[in-house]
Structure formats: structure tokens, C-alpha cells
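Please look over the model shown here before reading the points.

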Amino acid sequence: MRMVDLILKKRNGGELTREEIDFFIQGYTREEIPDYQVSALLMAIYYQGMTALETSMLTEAMVASGERVDLSEIKGHITDKHSTGGVGDKTTIVLAPLVASAGIPVAKMSGRGLGHTGGTIDKLESFSGFNVELERQQFIKQVNQIGVAVIGQSGNLTPADKKLYALRDVTATVESIPLIASSIMSKKIAAGADSIVLDVKVGKGAFMKEESEARKLAQAMVNIGKNVGRKTIAVISDMNQPLGYAVGNALEVKEAIMTLRGEGPKDLQELSLTLGAHMLVLAEKVSTFEEGYKLLQTKIANGEALAKLKELVTAQNGDGRMVDDPSLLPKAEHYIEILASQSGVVSQIECADIGTAAMLLGAGRPTKEAKIDLAVGIILHKKIGDSVRMGEPIATLHVNERDQVERVKKLVIDSIQISEGRVSLPQLILDVIV
């Protein structure tokens, strides 16, 4: 078998076989196939696409390139959640203890962030002492004991995906539905969960800008899950404004705590309950989505979900007092209010610019080596459709280093558009793909 024949076949619109895909993935992982040939194949896939079967086989080949997490010692049906990412997305910090409080084990592996804010792992480190590097047996033991654990991703999960993504990033082949879908699903499948709920973001603050493309990606990932024997469902959710009001690590953790108290933003609460209800259905804890939604509402109302978060934090050596008193979380030295220059209604928020502004304050990593400041970020005071009076605060910057403040202020001011008259409110949950 020769790589050039695979390139030619795909360039001409042919369908690759399992043997051909395995040859390509194994050879590239072992560094037996050069970058230039893999780049050519990726570009052919970008233009010609892949069938659902090809995409599933590619996913399985990437899973087989590294370790698989064996969670068979965990009691019960293990369900996982993945978000394609967005500004202010702190859903896992709400969702993991919430679902665990309903009796479904959550064995979650998350990553660090690159971009506007930290990832879930970075955010959890806002709890002093929180340990994200549990050994496998510690991880399994904790899930069996308290129902939930959240740790960093293993170093040797899907090494083929890591190599392919790095190459896609420099060959303009990132934006390919089969390649995106197989990349995401290979990591989820290797992580060992029995079922997967996907949160596919769409809008100005998401990777997928158009709803039609988000639907294609969601369907591709659901098809992969089904083809490899995992119960999978995808929720398409809006990301044309930040989720909640907080953008920044400790600020988002505080907002997640408030949501588990029943006092959080409506959109974060609705998305968390929606994703969680689907997780309960897939795990067969409940028979209907509505039953799951109500059960999770009860877990918030009776305090069990918040108690589970404290149990999670304490189990992983974090300071549980911060759950009881979020004022103990890291705080910035300076607070700078941004005032509305006119009266009216918020008609648009340039979500990506808010994310960039938070990163410039130090809440995110412009490069993998950069350090995150857990305390800094932005609190928005308005959402799309809210009325505003001139001179009223529309955002507050939480700042430690002042060198980027003027640039950040301009970004935030320019990103929030205020208009006269009525504004149509964005719909948070756009569709569910099964």
C-alpha cells in the first residue's frame, strides 16, 4: 500500500477503506509517512469530504493510536459531555456535580484553555489546592465514592489526533467537518464513557458561525457515536453572546456556584439543565427529558447539587470553603466600570471581541506557554434585549496589570451595540440532534 495511491483516490472523490485509513493513521503516528503526504491527503479530504462510515473509521483509527481509559471498574452508566467551546462557557463546573447529585457517575477528563479564557481544568484551579492530576486508581476510586471526578487529559490519548491537528492548523485544513468530528469524538471515545452529550455552539463567539454548518458537525458526531456503539446526542446552542455574565476563570467559577444555588444567569441555568437532562435520559436514570429536567431542578433547589460541588472540590484537595463563600476565590486588585454612552436596548454583543478582551487582561493564553491570571476578566451587566440608560454600567473589568486596559476598554465598548426600539432575543437552544 502506498500513500500516494490514497491521496489520488481521495483527490478523485473515492472512498477510503478501513485498511487504507489504518495504514495512513498508523504510519503517520509512527512517523513513517512524511508531513507533506499527509498534508496532501488532508487537503483532498477538505475538498472531497468523507462519508459517515469513513469518518467513523478515521475516528476508530485515531482512538487505536494511543491509550484507552478503562472505566469498567466504575459502578453505573458513565456519561460524558463535550462542548465545542465558547465565551463564558463554564457549563462543566455546574453540570458535573449536578448530574452526579442525581446518581449518575461523572468521570470527566478536561483540558486547559488556549484563547480567551482557561479551560475547565484552569478554572477549577481557582479553588486553592485543587488537584487535577489524579492517578487512574484514585480517579476511579473517587468516582465510585462520591460520584464525580474532573481531571486533566491523559498525555497519551489519541496521539494521532494531536499530530493531525497540529498539521491541520498550519495547512488551512482545520475547517473540515469530518476532520473536526473525528478529532472531537476520538478523544471522547478514548476517555471511556458509555454515552456522550455534545454541546455544539453556533454564532459569532463559536467556531461554527452558521447554523447549517453546526448541524452538519452535530450530525457527523452523533453518527460516529452510534457507529462505534456509544449512545450520543447533540444539542445545538447559541453563542452570539457570552454564556452568563462572567468571562474569566474565578469569575466564571463564582457564577457556576451561584447557578448551583439557584441564583445564576437564566441562560447558564437553562443550558446546564438541558444538557444534564439529556445525560440522565442516555444513562436511563429517567425515561423522558422533562422528567430529567425536573429532577435536576429539584437537586438545585434542595442544595444537593451545590453540596456535591463542595464534595468534589474537597476530594481533590481544593478549599471547600470557597464553595460556601465565593468571596474567598482569587480577586483582582482593580475594578474599572464601563458606562453606556447612550440610552436604548442592547442589540448586539460581539462575543469574540469580549473573549479577546478577557485574554488581553490575562484571563486566557495567547500561546500554550503563557500563564493565566485566575482573578481577572470581565463581568457584563447587560444581555441582548436589555434596556440601558446613558451613564449606566454595562460592564466591569477586573484588572491586575493595567498595560492593556485602554485597548480592552475600547474592545468592550465597541463590542456592545445599543439601539433604539425593540430587539429580537436570541434563542438559546436551537435544536437537538439524535
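The numbered points below take the ring pairs, then the charges over rings, then one lysine.

1. This is a predicted model, in which local features need pLDDT of at least 70, side-chain atom pairs count only at pLDDT 80 or more, and totals for chains, interfaces and linings use all residues. Residues are numbered from 1 along each chain as its sequence is written, and side-chain values use heavy atoms, with hydrogens and water left out.

2. Searching the whole structure gives two aromatic pairs (Phe, Tyr or Trp rings, the six-membered one for Trp, with centres within 6.5 Å; planes under 30 degrees apart are stacked, over 60 edge-to-face, the rest tilted). Tyr 46 and Tyr 47 make an edge-to-face pair, 5.2 Å centre to centre with 85° between the planes. Tyr 46 is partly exposed at 32% relative accessible area, and Tyr 47 is exposed at 63% (buried is under 20%, exposed over 50%, partly exposed in between, with a 1.4 Å probe and protein chains only).

3. Phe 289 and Tyr 293 form a tilted pair, with 5.8 Å between centres and 50° between planes. Phe 289 is partly exposed, at 25% relative accessibility.

4. Lys 163 sits over Tyr 28, 4.5 Å from the ring centre; Lys 383 sits over Tyr 245, at 5.3 Å.

5. Is Lys 90 buried or exposed? Lys 90 is buried, with 1% relative accessibility. Its contacts (heavy atoms within 4.5 Å), leaving aside neighbours within four places in sequence, include Glu 252 and Glu 255.

Conventions: A charge sits over a ring if NZ of Lys or CZ of Arg is within 6 Å of the ring centre and within 35 degrees of the ring normal.
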